[in-house]
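Trainee: Could you take me through one residue up close, and then show me the chain around it? I'd like the cut-offs as we go.

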Amino acid sequence: LHQPPEAPITREAVYREGSSPPSSHSSLMAGMGTYDGGPKSRSSSSNAMYILVGIGLFALGYFVHGTVSPRLAKGSYGSSVDTEKLLASVKSDLVALYERTQCMPIIVRLAWHDAGTYSKWDNSGGPNGSIRFLPETAHPANNGLKWAIGELEPIKAKHPGITYADLYQYASVVAIEFAGGPKVPFRLGRKDATGPSQCTPNGRLPDAKQGVPHLRDIFYRMGFEDAEIVALSGAHTLGGCHADRSGFEGEWTAQPKKFGNDYFKVLLEKERAPAAVADRLSLPSDLALLDDPNMRVHVERYAADEDLFFAEYSAAHKRLSELGVEW
């Protein structure tokens, strides 16, 4: 995705072996069983009552909202943290960042590359913030992402109560919505990687020069199916490539800061009227979607129906942002 020109990292966000990130060890209480009111000792029947009430409230939040509400999905967050207020405040700062820099594409890329290392085979990788550590930051697929990490660092410093893992994924969710895309359901609770030992090996992210077999190898490892691979590829509607970072140059659509289904329309136009979209970028991995019948059918579906694309993209993005997370 599109990467703004290199700029100095405003706050150090990449840490070498043996060092610890600031504010990453905030006093956050794990679990959801903390009871803050009343005396510390209670009868067993009283304890049972609180447990039943808590289970009931959790279930109510899930079935009413279709997902766990921010206030209930605490994960690493203590019961004293007002997570709804935290998310609202963080979102306000993210919107200000996007209004100032229009950096939505590279923030989406940052979140994807943090989450996209997941392997269902050994439950390693995934959205844990490990991308802020070397050597992962220096993997070739992550060229330019130090800029994005640096842009989010002041927001992390202002809101030490949010984990890096949650911040990167939430920043991506807000970026998609800010660019006119769908609202992606989000919940807090991702735990941060604590050091370079949790970085995954190089080579787990998609290679733009490869075709469908490679895409399936990468995305099936994460647990995705063909329709989800195509839907997620639609995020290329945002931004573009720079030759000095990826070897490719150009933008996928005529409106690279707007999230829509134009990516799929351009792909099909590459066949029907190539001269009309000759200035639009299509990577080998993009064009490969047209060569596989099981992939192509979804390209055509999404090109014809933006609402359908938004609905299926939102679901796939949510899954990507939660790969391997233990709530």
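Mentor: Ile-176 sits in helix α5, which covers residues 164–178; helices here are DSSP runs of H or I with at least four residues, strands are E runs of at least two, and both are numbered from the N terminus. Keep in mind that this is a predicted model, where local features need pLDDT of at least 70, side-chain atom pairs count only at pLDDT 80 or more, and totals for chains, interfaces and linings use all residues. Residues are numbered from 1 along each chain as its sequence is written, and side-chain values use heavy atoms, with hydrogens and water left out.

Ile-176 counts as buried because its relative accessibility is 0%; buried means under 20% relative accessible area, exposed over 50%, and partly exposed in between, with a 1.4 Å probe and protein chains only. Leaving aside residues up to four places away in sequence, Ile-176 touches Val-108, Gly-181, Pro-182, Leu-238, Phe-259, Tyr-313 and His-317, a contact being heavy atoms within 4.5 Å. Take Phe-259: 83 residues separate it from Ile-176 in sequence, yet their C-alpha atoms are 6.8 Å apart.

Now for the chain as a whole. Of the contacts in the protein chain with a separation of 6 or more, 74% join residues 24 or more positions apart. Buried residues make up 50% of its 327 residues. The protein chain has twelve helices and two strands, and along the sequence they run α-α-α-α-α-α-α-β-α-β-α-α-α-α.
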